[in-house]
Amino acid sequence: MTSGRTSGTEYFCSFCSEGEQQAGRLIAGPGSVYICENCIKRCAAIIGEDTSQAETFSNPRVDETAPFVPVKVPPPRSIHEHLNNYVIGQSEAKKVLSVAVYNHYKRINNLSKTDDVELEKSNILFVGPTGVGKTLLAKTLARFLEVPFSIADATALTEAGYVGEDVENILLQLIQAADFDIARAERGIIYIDEIDKIARRADNPSITRDVSGEGVQQTLLKIIEGCVASVPPQGGRKHPHQDFLQIDTSNILFICAGAFEGLDKIITKRLKGNNSRVGFLSDPVDQDQDSLVSQVSHDDLLKFGLIPEFVGRLSLAVGLAELEEDDLIRILTEPKNALVRQFQRYFEMDGISLKLTEDALGEIASAAIKLGTGARGLRTILESCLLDVMYEIPNRNDVLECVVDADVIRKISQPKLILSKEDVESPGELDESA
C-alpha cells in the first residue's frame with residue numbers, strides 16, 4: 001500500500017467498494033481515492049478490447065489467400081427482363097445498361113486470365129429529367145446482382161480544403177454498404193446523382209476558383225478511371241495523423257446521372273448547324289426534347305460545362321425519355337412495388353380494402369404531369385388525397401373498404417367508406433372533433 005495512510009484505518013476501493021482484505025492491494029490516488037488490483041485488471045482488459053476493435057475497424061485486412069468469388073451476372077436479356085418488373089418504360093436505357101453491366105462484370109470475372117487484350121472499364125452517364133427512373137434503374141440493378149451499392153449527391157462535393165464533403169467520402173459509403181469488406185466493395189456500384197451541377201459555370205474557364213464545379217470534376221477523374229484511394233474510416237476531412245482505408249477503384253462501376261437542363265438547346269444548335277446540307281429533310285428544331293437527348297454527343301457535354309477528361313471517363317451516355325401519362329398510370333399499378341400496392345398494403349394492416357377507380361388513376365397521372373416532377377409526384381398526390389381518411393379509420397372497426405375516384409383526386413369530394421352494415425359514407429361526415 002502507498003505511504004501516507006493512517007494505520008489502523010480500513011480503506012475501500014472507490015470503484016468496487018471492497019475492502020483491503022477482500023480486494024487485496026489498494027493503490028492510492030489524489031485525495032482519498034483508491035483502486036484495487038482487480039479493478040486495475042478489469043480496466044486493462046477493457047482498454048485492450050477497445051484498442052483491438054479500433055485496429056480492426058480502421059485497418060481492415062483483405063485475406064489475399066481467399067479464393068476469388070466471381071460475381072454471378074446473368075445475360076443482358078435476363079437483366080432487362082428483371083428491370084422491367086420494377087421500372088416502366090426506358091427500354092433503350094435498360095438495353096444499354098444491361099449490356100454494359102454484363103460486359104463490366106464479365107471483365108472482372110476474367111481478370112486473372114492472361115491475354116494480350118486489356119479490357120477497359122466503361123462507366124455510364126444517364127441524361128434525363130427528374131423522376132424518370134434514373135436512380136431506380138441503378139438501385140434495382142445492384143439489388144439484382146447482389147453487389148454493394150451507394151448513392152452520392154454531387155452537389156455536396158467540393159475540392160479538398162474547402163467546406164463540403166471530400167470526394168473520397170463517396171467511397172466510404174460503398175465500403176459501409178459492403179460491411180467494410182474491401183474486396184467486396186471493390187466490385188460494387190456507385191451512383192452519383194446531380195452530376196450536371198458540377199459543370200463549369202461557363203464554356204470558358206473562369207479566373208475565380210470554382211471549388212464545387214470544375215475542381216470536383218478534376219478530383220473525380222482518378223477515382224472513376226481507377227486508382228488506389230485513401231479513405232478516412234470515420235468520414236469527414238482528411239488530416240495527416242489518421243488511419244486510412246485503401247481501396248482500388250479500378251473495378252467499381254460508376255453510374256453518373258443528371259437532368260442537364262438546357263442541354264437540348266445545345267443539341268439543337270449543333271443539329272441546326274449540320275442542317276445546311278441540301279436534301280436534309282428533318283428539321284431539328286421540330287424534334288421533341290426526348291429525341292434530342294437521345295442524340296447527345298460528347299461535344300454537347302463539353303459545351304454544357306463538363307471537362308474533356310471527365311467526359312472521357314463516361315464512355316456510355318444514355319438519354320432517358322420524359323414519362324407520358326400512360327407510363328405514369330402503369331407505374332401506379334404494374335411494378336412489383338407499385339405505389340397503389342404499397343398503399344393497399346397499409347390499409348390491409350388495418351383490415352380495410354383500398355380501391356382506386358380507373359378515372360382516379362388517370363387523374364393522378366394527369367396531376368403528376370402538371371407538377372413536372374415525373375413519377376416522384378405520384379406519391380405526393382396520393383398521400384395528400386388519403387391523408388384525412390388514413391388519420392380517421394384506424395380509430396374505427398366498422399370500415400370494410402375505401403373507394404377513391406377522380407373527384408377525390410381533384411379535391412372535390414372525400415374518399416367513400418363502405419361500412420360493415422353495407423352503408424356508404426364520406427369521411428367528411430365522421431367525427432372531426434379530433
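A residue counts as buried when its relative accessible area is under 20%, exposed when it is over 50%, and partly exposed in between (1.4 Å probe, protein chains only). Keep that handy for the tour. What you have open is a predicted model, in which local features need pLDDT of at least 70 and side-chain atom pairs count only at pLDDT 80 or more, while totals for chains, interfaces and linings use all residues. Residues are numbered from 1 along each chain as its sequence is written, and side-chain values use heavy atoms, with hydrogens and water left out.

**Stop 1**

Select Asp405 and Lys416. They form a salt bridge (a side-chain nitrogen of Lys or Arg within 4 Å of a carboxyl oxygen of Asp or Glu), and their closest N and O atoms are 3.3 Å apart. Lys416 sits in strand S12 (residues 416-419) and Asp405 in the loop between strand S11 (399-404) and helix H17 (406-409), so this pair ties together parts 11 residues apart in sequence. Helices (H or I, at least four residues) and strands (E, at least two) are DSSP runs, numbered from the N terminus. Is Asp405 buried or exposed? Asp405 is buried, at 17%, whereas Lys416 is partly exposed, at 34%.

**Stop 2: salt bridges inside helices**

Now pick Arg379 and Glu383, whose side chains meet in a salt bridge of 3.6 Å, N to O. Both belong to helix H16 (residues 376-392), four residues apart, about one turn of the helix. Arg379 is partly exposed at 29%, and Glu383 is partly exposed at 37%.

For a network of salt bridges, select Glu194, Asp196 and Lys197.

**Stop 3**

Show H13 (residues 325-333) and H15 (residues 358-371): they pack at about 120°, with axes 9 Å apart. Axes are lines fitted to C-alpha atoms, for helices over the stretch in contact, and angles run from 0 to 180 degrees between N-to-C directions. H13 and H15 are therefore oblique to each other (under 35 degrees is roughly parallel, over 145 roughly antiparallel, 65 to 115 roughly perpendicular, and the rest oblique).

**Stop 4**

Most residues other than glycine have a negative phi. Now select Asp179, where phi is near 55°, a positive value. Asp179 lies in the loop between helix H6 (169-177) and helix H7 (182-185) and is exposed, at 65%. Phe180, in the loop between H6 and H7, has a positive phi of about 60° and is partly exposed, at 24%.
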